Amino acid sequence: MNERIWNQRMLGLTFNVEDGRITIFRSTLEALGWPTHYRFLYNREAKQVAVQNCSAEDAGAHKTPKLTVSNNCEIKCVAMLARQQGGR
């Protein structure tokens, strides 16, 4: 069996539909310059999700939470997960 080694510099995020949770990797926040606020962009046709720096006043803005013990940020975003799953 091949062993996989985690690349700490890999950018990304994960979705947990059951819990309504999105986890943003620390490396992604570092690449964005540790924004105070961010928002998700979703392209339904291309089935792509992106994270973008924004201000608190921008539509869809989320405040960047503190890092968890696992060195990532977890947020609840049921609306984003519903869109990603083909809802509204």
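**Salt bridge, sheet and aromatic pair**

Author: The count of salt bridges comes to one, and this holds for a predicted model.

Reader: Which residue forms a salt bridge with arginine 26?

Author: Side chains of opposite charge can pair when their charged atoms come close. In this model the closest N and O atoms of the pair are 2.8 Å apart, and a salt bridge requires a side-chain nitrogen of Lys or Arg within 4 Å of a carboxyl oxygen of Asp or Glu. The partner of arginine 26 is therefore glutamate 30.

Reader: In which helix do arginine 26 and glutamate 30 both lie?

Author: The two residues are four residues apart, which is about one turn of the helix. The helix that holds both of them spans residues 26-31 and is α1.

Reader: Does glutamate 30 count as buried, exposed or partly exposed, and what is the class of arginine 26?

Author: Buried means under 20% relative accessible area and exposed means over 50%. Arginine 26 has 29% relative accessibility, so arginine 26 falls in between and counts as partly exposed. Glutamate 30 has 39% relative accessibility, and therefore glutamate 30 also counts as partly exposed.

Reader: Which residue in the turn of the hairpin formed by β3 and β4 has a positive phi?

Author: Within the pairing of these strands, arginine 39 stands opposite glutamine 52 in β4. Four residues lie between β3 and β4 in the hairpin, and the residue in the turn with a positive phi, of about 55°, is lysine 47.

Reader: Why is the pair of tyrosine 38 and phenylalanine 40 given the geometry it has, and what is that geometry called?

Author: A search of the whole structure finds one aromatic pair. The ring centres of tyrosine 38 and phenylalanine 40 are 5.6 Å apart and their planes stand at 80°, whereas the cut-offs are 6.5 Å for the centres and over 60 degrees for this class.

Reader: Are tyrosine 38 and phenylalanine 40 buried or exposed?

Author: Tyrosine 38 has histidine 62 in β5 as its bridge partner. As for accessibility, tyrosine 38 and phenylalanine 40 are both buried.

Note on methods
Residues numbered from 1 in each chain as written. Predicted model: local features only at pLDDT ≥ 70, side-chain atom pairs only at ≥ 80, totals over all residues. Heavy atoms only, no water. Pairing = 2+ DSSP bridges. Phe/Tyr/Trp six-rings, centres within 6.5 Å; stacked < 30°, edge-to-face > 60°. Buried < 20%, exposed > 50% of the residue type's maximum accessible area, 1.4 Å probe, protein only.
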